[in-house]
Amino acid sequence: MKRDCLCNFLAVARELNITNAAESLFLSQSTLSKQMQELERQLGKQLFCAVGRRLTLTDDGIYLRDRAQEIVTLMEQTESALAGEINH
């Protein structure tokens with residue numbers, strides 16, 4: 001799972017709407033939708049349920065959202081720490 005995929009998943013989880021998330025990421029709706037379908041396929045888990053035009057997160061989606069946020073935060077902190085060490 002790549003960082004950009006996690007960030008894109010987090011955008012969809014935050015917006016609970018593929019179109020709005022795609023706009024915020026400057027991606028097409030179809031590209032983001034396919035990426036989320038591929039993520040679900042890779043994990044073998046359904047991450048979202050459609051309720052009308054809105055999405056809701058499944059229990060697995062909530063778990064991934066929380067873990068993805070932790071992972072992205074750790075990656076950002078690690079990059080910042082290493083950049084600080086390199087720049088000294």
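The expected span is 1.5 Å times one less than the number of residues. Helices here are DSSP runs of H or I with at least four residues, strands are runs of E with at least two, and both are numbered from the N terminus.

The model is predicted: local features need pLDDT of at least 70, side-chain atom pairs count only at pLDDT 80 or more, and totals for chains, interfaces and linings use all residues. Residues are numbered from 1 along each chain as its sequence is written, and side-chain values use heavy atoms, with hydrogens and water left out.

Now look at which side of helix 3 is covered. Its buried residues are Leu32, Ser33, Met36, Leu39 and Glu40. Seen down the helix axis, they fall within an arc of 120 degrees, so they line one face of helix 3. That arc is taken from the directions between the helix axis and the C-beta atoms. An α-helix has 3.6 residues a turn, so residues three or four places apart point the same way. Lys34 and Arg41, on the other side of helix 3, are exposed. Buried means under 20% relative accessible area, exposed means over 50%, and partly exposed lies in between, with a 1.4 Å probe and protein chains only.

Threonine 31 also sits in helix 3. Its relative accessibility is 42%, so threonine 31 counts as partly exposed. Leucine 64 is 33 residues from threonine 31 in sequence and 20 Å from it in space, C-alpha to C-alpha. After helix 3 comes glycine 44, with a positive phi near 70 degrees.

Next, helix 1. Its 13 residues should span 18 Å at 1.5 Å a residue, and the end C-alpha atoms are 18 Å apart, which agrees. The buried residues of helix 1 are Cys5, Leu6, Asn8, Phe9, Leu10, Ala11, Val12 and Ala13. Leucine 16 follows helix 1, and its phi is positive, near 55 degrees.

Two packed helices are described by the angle between their axes and the distance between the axes. Helix 1 and helix 3 pack at about 110 degrees, with axes 10 Å apart. That makes helix 1 roughly perpendicular to helix 3. Helix 1 contributes Asp4, Cys5, Asn8, Phe9 and Val12 to the contact, and helix 3 contributes Leu32, Gln35, Met36 and Leu39. Contact means heavy atoms within 4.5 Å. Axes are lines fitted to C-alpha atoms, for helices over the stretch in contact, and angles run from 0 to 180 degrees between N-to-C directions. Angles under 35 degrees count as roughly parallel, over 145 as roughly antiparallel, 65 to 115 as roughly perpendicular and the rest as oblique.

Between helix 1 (3–15) and helix 2 (18–25), the loop holds asparagine 17. At 15% relative accessibility, asparagine 17 counts as buried. Its side chain reaches the backbone nitrogen of threonine 19 at 3.0 Å. A polar atom of that side chain also lies 2.8 Å from the backbone nitrogen of asparagine 20. Leaving out residues up to four places away in sequence, asparagine 17 touches Val12, Arg53 and Leu55.

Finally, the whole protein. It has four helices and two strands, in the order α-α-α-β-β-α along the sequence. Of its 88 residues, 30% count as buried.

Notes: Polar contact = N/O pair within 3.5 Å; in protein donor to acceptor, adjacent residues only side chain to side chain.
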